[in-house]
Amino acid sequence: MGIIDVTAVISTKDRYFDTLPMCIASIVNQTYLPKYLLIYDDGEQIDLRDYPLYQNLFQHLYRKDIDWEIKFGDKKGQVHNHQKAIEDAKTEWIWRIDDDEIAEPTALEILVSNIEEGVGAIAGGVFDVTKTPLHLPPNTPLNTIDTVRTSPNIQWFKMKEKTDVAEHLYSSFLFRKEAAKHGYCLDLSPAGHREETLLTYQMKRNGWKLIVDTSSVTWHHRSPNGGIRSYEDSSYWEHDEEIFNKKMEIWNSELGDYKVIMLDCGMGDHIAFLMVLPEIIKKYKKVCLSVHWGDPFENSNVKLIGIDEGKKILGENHEKHSIYKWMWDHNWKGRLKDAFREMWL
Amino acid sequence: MKTIVISPYSKPLRSGDGENPKNYPWWDDVVRLLRDHGFYIIQIGVHGEREIDFHEKRFNLPFKDLKETIKNCDCWISVDNMTQHLATYINKKGIVIFSKSDQRIFGYDENINLLKDRKYLRKYQFAMWEDETFQEEAFVKPEEIIKAVLELTKGN
């Protein structure tokens with residue numbers, strides 16, 4: 001395996017003089033250094049370069065050849081920041097870490113050592129700093145999705161062996177951008193409850209392996225202020241849980257095994273898409289198209305639904321299905337049908 | 001008598017105001033010249049569109065009939081609308097008249113793509129058409145279209 005370039009990503013909110021500097025320091029001290037550090041600031045958005053604490057930290061990043069950047073978030077919550085990170089990161093691998101977490105020096109090195117073909121994401125142990133980490137109790141489900149509400153997350157425990165059968169991850173993990181192409185669920189509230197579960201479970205559903213190797217350790221300081229603890233409105237959590245339940249319902253339904261693609265575009269675009277549909281069916285096997293016109297697909301082996309139904313299933317993520325937005329974002333110069341190919345294959 | 005299918009218009013702008021900049025301005029001249037060459041002209045489209053001097057109109061056709069109409073003609077001509085995609089999908093070569101949209105993106109090599117000059121292409125190819133102005137001079141002259149039709153139907 002050659003050198004894998006990694007972008008470390010922190011989404012932060014009002015923890016400038018709390019846990020954020022410790023988190024950055026732990027990144028600086030990694031035995032395997034990320035190439036970039038992106039910090040998305042949803043807080044007061046002060047200029048951290050004005051403070052000696054950060055002046056030194058930024059110098060330290062510079063000494064370690066870590067190219068850093070602080071971006072002001074839109075204050076829509078961490079999910080939007082993490083989504084932005086996928087779009088902004090120049091590397092294929094992204095290591096996300098929370099602003100109240102401190103990684104052990106070997107955390108990233110161990111995560112990177114697990115990279116291999118077919119692996120979408122790798123998580124380590126995320127231990128509460130106020131408690132001694134326990135060994136994983138026997139027979140604990142290994143982060144299966146159907147036990148997400150009833151069983152403890154295995155990332156909270158020390159495991160004798162790593163596992164590649166996990167169905168979802170949480171908190172801090174290293175992931176492949178390609179595996180996160182479906183994006184974060186932008187319908188979630190600013191609290192972003194279940195955001196990692198939704199992102200990683202969809203990776204799993206798309207055929208990527210999720211690894212948990214708790215020899216990579218990150219300590220959770222559970223800062224009582226800032227971050228998602230800035231949000232006191234419990235309705236945020238209820239709202240997100242409802243979205244999660246709805247997603248699970250769809251995934252467990254007849255459409256659960258289908259790749260849903262929305263064509264919220266013109267008739268000509270539908271037909272251009274039709275030209276690459278055989279390749280799309282070959283890749284995804286079961287395809288459900290949310291369309292304005294069903295006629296062009298009459299003899300194709302796909303399930304058809306309307307645009308409104310597609311929007312209900314995809315939520316805010318349906319915007320990512322816009323071929324025109326995609327071509328605009330990618331400064332596309334090729335053929336329309338090839339844009340569809342590039343977008344979905 | 002050779003049959004030409006013409007799909008003269010792109011869909012109206014959502015603003016409901018002004019001409020779609022993709023719509024060709026000199027259909028009357030094209031049709032007159034085609035008639036002079038003895039072609040039988042079928043206009044396809046939807047009800048409410050301005051009618052050209054056709055021999056026959058086939059509006060609001062079901063998809064499969066539209067396919068058949070295109071498949072069975074000697075040549076088709078369209079602006080940059082769905083017809084070119086459908087015809088290309090069914091491997092029927094024809095003529096597409098471009099103005100401000102880029103044939104390298106929205107066209108197909110299989111067809112004869114008539115673009116007057118790349119200088120007329122709009123800067124933002126994926127922006128809303130409502131933001132674009134209609135520009136008559138961005139289109140090729142009718143004679144060029146006739147030349148392309150004669151070339152394409154030669155020996156049919």
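Residues are numbered from 1 along each chain as its sequence is written, while chains are lettered from A and ligands numbered from 1 in the order in which they are written. Because the model is predicted, local features need pLDDT of at least 70 and side-chain atom pairs count only at pLDDT 80 or more, whereas totals for chains, interfaces and linings use all residues.

Chain A is divided into domain 1, covering 6-248, and domain 2, covering 256-344, with bounds that come from an automatic or database domain assignment. The centres of the two domains, taken over C-alpha atoms, are separated by 31 Å. Four residues of domain 1 of chain A are in contact with four residues of domain 2 of chain A, where contact means that the C-beta atoms of two residues, placed from the backbone, lie within 7 Å. On the side of domain 1 that touches domain 2 there are two nonpolar residues, one polar and one charged; in this classification Ala, Val, Leu, Ile, Met, Phe, Trp, Tyr, Cys and Pro count as nonpolar, Asp, Glu, Lys and Arg as charged, and the others, Gly among them, as polar.

Chain A holds an open sheet of eight strands, which runs in the order E3-E2-E1-E4-E7-E6-E8-E5 with mixed pairing. Helices (H or I, at least four residues) and strands (E, at least two) are DSSP runs numbered from the N terminus, and two strands pair if DSSP finds at least two bridges between them. Strand E3 (67-72) and strand E5 (101-103) of chain A stand at the edges with a single partner strand each, so one side of each is left without a neighbour in the sheet. Direction ignored, neighbouring strands of this sheet are turned by 30 degrees against each other on average. Within the sheet, strand E6 (residues 119-128) and strand E8 (residues 209-220) of chain A pair in the parallel sense over eight bridges, and A:Phe127 stands opposite A:Trp219 in E8(A).

Helix H1 of chain A packs on this sheet, touching strand E1 (6-12), strand E2 (36-41) and E5 of chain A, and the direction of H1(A) makes about 15 degrees with that of E5(A). Two packed helices are described by the angle between their axes and the distance between the axes. H1 (residues 20-28) and helix H2 (residues 52-63) of chain A pack at an angle of about 20 degrees, with their axes 10 Å apart, which makes H1(A) roughly parallel to H2(A). Axes here are lines fitted to C-alpha atoms, for helices over the stretch in contact, and angles run from 0 to 180 degrees between N-to-C directions; those under 35 degrees count as roughly parallel, over 145 as roughly antiparallel, 65 to 115 as roughly perpendicular and the rest as oblique. In this contact A:Pro21, A:Ile24, A:Ala25 and A:Val28 of H1(A) meet A:Leu53, A:Leu57, A:His60 and A:Leu61 of H2(A), a set that divides into seven nonpolar, one polar and no charged residues.

A further open sheet in chain A has three strands in the order E9-E10-E11, with parallel pairing. Its edge strands are E9 (259-263) and E11 (303-306), each of which pairs on one side only, and the twist averages 25 degrees from one strand to the next. Strand E10 (residues 287-291) and E11(A) pair over four bridges, with A:Ile305 in E11(A) as the bridge partner of A:Ser290.

Helix H7 of chain A and helix H10 (residues 336-344) of chain A have axes that come within 8 Å and cross at roughly 45 degrees, which makes H7(A) oblique to H10(A). The residues of this contact divide into eight nonpolar, no polar and four charged.

Between the chains, 17 residues of chain A are in contact with 10 residues of chain B. Helix H7 (267-284) and helix H9 (323-329) of chain A each supply at least two residues of the side that touches chain B, and the largest share, six residues, comes from H7(A). H7(A) packs with helix H3 (residues 82-89) of chain B at an angle of about 20 degrees, with their axes 8 Å apart, and this makes H7(A) roughly parallel to H3(B). Among the residues that make the contact are A:Ile271 and A:Met275 of H7(A) and B:Leu86 and B:Tyr89 of H3(B).
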